[in-house]
Amino acid sequence: MKKFFATLGLSLLLVVPSISTAVAVAEGTSTGSDSSSDDSTTLTEAQKTEMNARLEKQKAEFKVKLAAAEKIKIELKCTAAQGLVNSVRGRIKGIETSRSEVYKNVVNHLTDLSAKLKAKNVDTTSLDADIAVLKTKIATFNTDLATYKQAVTDLVAVGCKQDPDGFKAALLAARTDLDKVKKDAEDVRSYITGTIKPLLVQIRNQVEKDDSPTSEGSTN
Amino acid sequence: MDDQPNNTPSIDGITPPAKPIEAQPTLNPAPDNTIQTPSSTEPVSPPDSANVPAIGDTIATDTTPNPATPTPAEASVPNLASAPKKKKPVVAIIVAIVIALGLGAATVFLYMKYSRNSNSSNTSGTSQQASNTITPATISDVDQASKQLDTSLAQADDNKDFAATAFSDQTLGL
């Protein structure tokens, strides 16, 4: 019986850490695979179908119908161009992360200030309305950024030699979406600097005004 | 009764073969009956020592096991004794694996549950703290908020992040 328990204990000592490690590693790789699949340009059949549908739509939208000479030119140079676009695609992910962090901080600062102003019985109706508008603009930016990201992904993934028209349409779509995202970002910035910051100046004056009678009263 | 085996009629005048006759001592119940069931009228007396060995001999020759070759019962005893000794480690290892699988799964489950709970409790805790410890705004709070907006916006460079030339024909070499 002693031998039985000795064997049992030894087996547990050996097996438990190995199984726990294996499960933990499996858990880690399963979560990691989700993020890696986002970077991959290898498309599934369903993704290819979706991409082709987008490309056809873009061809119609931008009325892409290349001449034979232009097709040959694209076929010769598009593979190298796709390599450059792929590096831009890598940078977009970083931009997405940093932008979302910046905008989140801005909204958090304003929301905290609004709460403090409410605690001081200062009217925050305008500030709350501006925060809501800002959130809408940020949401628009995020949506357009996702579209832009998709357009760039399509531009990298399209079989440019087989479908020069599709490559050209994806390129035009990427340019258009880039302009849109840039305008969204500028819109957010201008709204903060042109609307919210002046409002903060007004609020500061209000707070200063509210503070001055009490301070005068306390001195008298 | 003693005459019965000898009275079997011979077919075609040939005497029966020797085999049945040799088998008689074991098959013939006559000697056993005379010894084992004495008549009730006669007093019970110990069996004659001369008869007992004769009967015993016939029994002994049939039932006594040969010491050189073990009986099936004897052969099975060492098997029963040795079988658990061989199975014990295997059973222990199987039990250990089952327990380990259970422990491993429970550990991972608890870890995942704890990490999720800690995340949610941290976020809810900070929001609760924030709501509980809101101090009325001062001028410096407003100034600080304004500065933080400037700092945040300075971190994002629109022209760099969304350069219009990123997809120009010149940049891409088209």
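pLDDT is the predictor's confidence in each residue, on a scale from 0 to 100. Keep that in mind here, because this is a predicted model and residues 1-65 of chain B stay under 50 on that scale. For the complex, the predictor gives an ipTM of 0.72 and a pTM of 0.58.

- Chain A averages a pLDDT of 86, and 79% of its residues score at least 70.
- Which elements of chain A have the lowest and the highest mean pLDDT? Helix α1 (residues 2-39) has the lowest, at 55, and helix α4 (residues 125-157) has the highest, at 97.
- Chain B has a mean pLDDT of 65, and 40% of its residues reach 70 or more.
- For residues 1-65 of chain B, where pLDDT stays under 50, the model has 17 contacts beyond four places in sequence.
- A word of caution: where pLDDT is low, the predicted coordinates should not be read in detail.

- Chain B has eight helices and zero strands, so reading its elements from the N terminus gives α-α-α-α-α-α-α-α.
- Of the 174 residues in chain B, buried ones make up 6%.
- How many residues of chain B are in contact with chain A? There are 40 of them, and they meet 53 residues of chain A.
- On the chain B side, α5 (72-132), α6 (139-154), α7 (158-161) and α8 (169-172) each supply at least two of the touching residues.
- The top contributor is α5(B), with 14 residues.
- By type, the touching side of chain B splits into 25 nonpolar, ten polar and five charged residues.

- Helix α3 of chain A covers residues 68-119, and bends by about 50° at C78(A).
- Two packed helices are described by the angle between their axes and the distance between the axes.
- For α3(A) and α4(A), the axes come within 10 Å and cross at roughly 170°.
- Angles over 145 degrees count as roughly antiparallel, which means that α3(A) is roughly antiparallel to α4(A).
- The residues of the contact between α3(A) and α4(A) divide into 15 nonpolar, five polar and five charged.

- K63(A) is not a glycine, yet has a positive phi of about 50°.
- You'll find K63(A) in the loop between α2 (45-62) and α3 of chain A.
- Is K63(A) buried or exposed? K63(A) is exposed, because 8 other C-beta atoms lie within 10 Å, and the cut-off for exposed is 12 or fewer.
- N121(A), another residue other than glycine, also has a positive phi, near 65°.
- N121(A) comes after α3(A), in the loop between α3 and α4 of chain A.
- With 10 other C-beta atoms within 10 Å, N121(A) is exposed too.

Terms used: Residues numbered from 1 in each chain as written. Chains lettered and ligands numbered in written order. Predicted model: local features only at pLDDT ≥ 70, side-chain atom pairs only at ≥ 80, totals over all residues. Helix = DSSP H or I, 4+ residues; strand = E, 2+ residues; numbered from the N terminus. Buried ≥ 20, exposed ≤ 12 C-beta atoms within 10 Å, placed from the backbone. Contact = placed C-beta atoms within 7 Å. Nonpolar A, V, L, I, M, F, W, Y, C, P; charged D, E, K, R; others polar. Bend = angle between axes of the 7 residues up to and from the residue. Axes fitted to C-alpha atoms, helices over the stretch in contact; angles between N-to-C directions. Parallel < 35°, antiparallel > 145°, perpendicular 65-115°, else oblique.
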